[in-house]
Amino acid sequence: MKVLTGNDLPTGDVVWWTGSGWSRHIEDACDVADQGESIAHAEQGARRVNVPYVIDATLTADGPRPAHIKDRIRALGPTVRADLTLKPADPMAGSWVI
């Protein structure tokens, strides 16, 4: 199966094409087959999604499972803990402004 993914323009969230719109849940993704590229082009042109692309996936009992590990990680959602991020203005962060 082929599924279409990209990033939501207002939030940057990973989104998946459902056949009639975008969802933040891969379980809602549908098989776009050979129409993925044309859907991606139309959706990017309408400015509903940023950098959409078609990926290979396998249909499981829990919904689509991306074939590539990078896309499986994207499907899980945010992986950065807020308490571990460095603040850009923090002088201890090692950022130098010249």
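Modeller: Let us begin with D71. Apart from its neighbours within four places in sequence, D71 is in contact with W16, Y53, I55 and P66, where contact means heavy atoms within 4.5 Å. Before going further, please note that this is a predicted model, in which local features need pLDDT of at least 70 and side-chain atom pairs count only at pLDDT 80 or more, while totals for chains, interfaces and linings use all residues. Residues are numbered from 1 along each chain as its sequence is written, and side-chain values use heavy atoms, with hydrogens and water left out.

D71 belongs to helix 2, residues 69-76. Helices (H or I, at least four residues) and strands (E, at least two) are DSSP runs, numbered from the N terminus. D71 is buried yet takes part in no salt bridge, and the nearest side chain of opposite charge, that of K70, is 4.1 Å away. Buried stands for under 20% relative accessible area, exposed for over 50%, and partly exposed for what lies in between, with a 1.4 Å probe and protein chains only. A salt bridge is a side-chain nitrogen of Lys or Arg within 4 Å of a carboxyl oxygen of Asp or Glu. As for charge, Lys and Arg count as positive and Asp and Glu as negative, whereas His and the chain ends are not counted.

P66 lies in strand 5, residues 63-66, and is buried, with a relative accessible area of 3%. Leaving aside neighbours within four places in sequence, P66 touches W16, I26, I55, D56, A57, D71, R72 and A75. P66 and V3 are 63 residues apart in sequence, but their C-alpha atoms are 8.3 Å apart in space.

From here we may turn to the chain as a whole. Its secondary structure comes to two helices and five strands, arranged along the sequence as β-β-β-α-β-β-α. Of its 98 residues, 27% are buried. Among contacts with a separation of 6 or more, 49% are between residues 24 or more positions apart.

Helix 1 comes next. In helix 1, residues 36-45, the buried residues are G36, I39, A40 and E43. Seen down the helix axis, these buried residues fall within an arc of 100°, so they line one face of helix 1; the arc is that of the directions from the helix axis to the C-beta atoms. On the other side of helix 1, E37, H41 and G45 are exposed. The buried residues of helix 1 pack against strand 1 (2-8), strand 2 (14-17), strand 3 (22-23) and strand 4 (49-60). Helix 1 is followed by R47, whose phi is positive, near 60°. R47 sits in the loop between helix 1 and strand 4 and, at 66% relative accessibility, counts as exposed.

Although D71 has no salt bridge, the structure holds four of them. In one, D8 pairs with R24, the closest N and O atoms being 3.2 Å apart. This pair links distant parts of the chain, with D8 in strand 1 and R24 in the loop between strand 3 and helix 1, 16 residues apart. D8 is buried, at 15% relative accessibility, whereas R24 is partly exposed, at 44%. R24 also forms a salt bridge with D13, with closest N and O atoms 2.6 Å apart. Here too distant parts are linked, since D13 lies in the loop between strand 1 and strand 2, 11 residues from R24. D13 is partly exposed, at 31% relative accessibility. Another salt bridge joins E43 to R48, with closest N and O atoms 2.9 Å apart. E43 is buried, with a relative accessible area of 7%, while R48 is partly exposed, at 45%. Through salt bridges that share partners, D8, D13 and R24 are joined into one network.
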